[in-house]
Amino acid sequence: MSLHPTLQPYADAWTHSVDAISEMVQPLAESEWNRRTPCPGWSVRDVVSHVIGLDCELLGDPRPIHSLPRDLFHVTNEHQRYMEMQVDVRRHHTAPEMTAELEYTVIRRNRQMRNENRGPEHMVRGPLGTEITLEHAYRMRAFDVWVHEQDLRTALGRPGNLDSPGAYVTRDLLLEALPRIVAKNADAPRSSAVVFDVHGPVEFLRTIRVDIQGRGTLETAPALGPVASLALDWETYVRLACGRVTPEAVADRVKTDGDQDLAAAILRNFAVTP
């Protein structure tokens with residue numbers, strides 16, 4: 001049984017990233033598992049625990065019964081509490097335990113995908129007890145695992161795969177958030193356009209047009225006379241959009257033209273991950 005053609009690209013992207021993660025963490029010494037990553041509050045061990053935990057949930061495994069400590073400063077809402085459960089329950093696991101569980105989970109997920117006969121619209125369990133389509137679940141796993149692969153690469157000094165299959169899944173998913181960020185969150189003027197020029201391993205030029213009703217739409221055509229434009233490299237775009245850095249920390253890597261107040265408002269609201 002082969003995967004539905006809609007699901008296959010997401011499965012391929014997930015496989016590419018999770019194999020890269022496995023290869024990176026396999027030789028790590030115990031102390032290296034405690035290295036801080038750009039993901040707020042999470043170490044290398046925590047990021048790998050999160051990857052394992054969410055794939056176990058897609059496998060249908062029950063969530064751990066576990067009480068979170070009260071002093072986790074980075075856990076401030078219900079979504080973060082949900083995600084933290086799979087992480088905190090593994091905080092005392094050794095390096096061999098972590099690599100063994102990761103390897104076993106990847107084997108199980110690969111087997112599940114090989115035998116997958118459900119269609120993209122089939123409803124499955126999502127975070128916080130939500131119901132989501134199988135396509136959405138596959139897409140979010142490809143996005144999530146690629147972003148966390150990059151977290152681990154930063155923590156371990158192993159840059160790479162900025163243009164791998166997961167990078168393009170991530171690009172498309174992040175671009176979908178831009179109309180809301182520009183038109184609603186940053187309150188761009190009506191009947192205006194904002195241009196994003198991204199260079200590097202993944203390159204694109206996109207325009208957000210805001211209509212007379214204040215609704216934003218994503219376009220590939222460049223705008224003449226945009227009210228503001230932002231130029232930045234792909235890695236910085238991802239780190240900002242995923243809440244890994246503040247706009248102030250990467251100010252030297254972002255070039256803005258036009259309405260500076262609007263550009264600043266866009267950057268303040270750029271993070272799309274909860």
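Author: Start with burial: buried means under 20% relative accessible area, exposed over 50%, and partly exposed in between, with a 1.4 Å probe and protein chains only. Helices (H or I, at least four residues) and strands (E, at least two) are DSSP runs, numbered from the N terminus. This is a predicted model, in which local features need pLDDT of at least 70 and side-chain atom pairs count only at pLDDT 80 or more, while totals for chains, interfaces and linings use all residues. Residues are numbered from 1 along each chain as its sequence is written, and side-chain values use heavy atoms, with hydrogens and water left out.

Reader: Which residues of helix H8 are buried?

Author: An α-helix has 3.6 residues a turn, so residues three or four places apart point the same way. In H8 (residues 260-268), the buried residues are Leu262, Ala263, Ala265, Ile266 and Leu267.

Reader: What covers the buried residues of H8?

Author: Contact means heavy atoms within 4.5 Å. The cover includes helices H6 (165-185) and H7 (234-241), along with strands E3 (192-199), E6 (228-233) and E7 (254-258).

Reader: In what order do the strands of the open sheet run?

Author: Two strands pair if DSSP finds at least two bridges between them. Here 5 strands form an open sheet, ordered E5-E4-E3-E6-E7, with mixed pairing. E5 (216-219) and E7 are the edge strands, each pairing on one side only. E6 and E7 pair in the antiparallel sense over 5 bridges, and Ala231 stands opposite Lys255 in E7.

Reader: Which strands does H7 lie across?

Author: For angles, axes are lines fitted to C-alpha atoms, for helices over the stretch in contact, and the angles run from 0 to 180 degrees between N-to-C directions. H7 lies across E3, E4, E6 and E7 and runs at about 105° to E6.

Reader: How many aromatic pairs are found in the whole structure?

Author: Rings of Phe, Tyr and Trp (its six-membered ring) pair if their centres lie within 6.5 Å; planes under 30 degrees apart count as stacked, over 60 as edge-to-face and the rest as tilted. The search finds 6 aromatic pairs. One of them, Phe204 with Trp234, is edge-to-face, at 6.2 Å centre to centre and 80° between the planes. This pair links distant parts of the chain, Phe204 in strand E4 (residues 204-210) and Trp234 in helix H7, 30 residues apart.

Reader: Why does Trp234 count as buried?

Author: Trp234 counts as buried because its relative accessibility is 0%.
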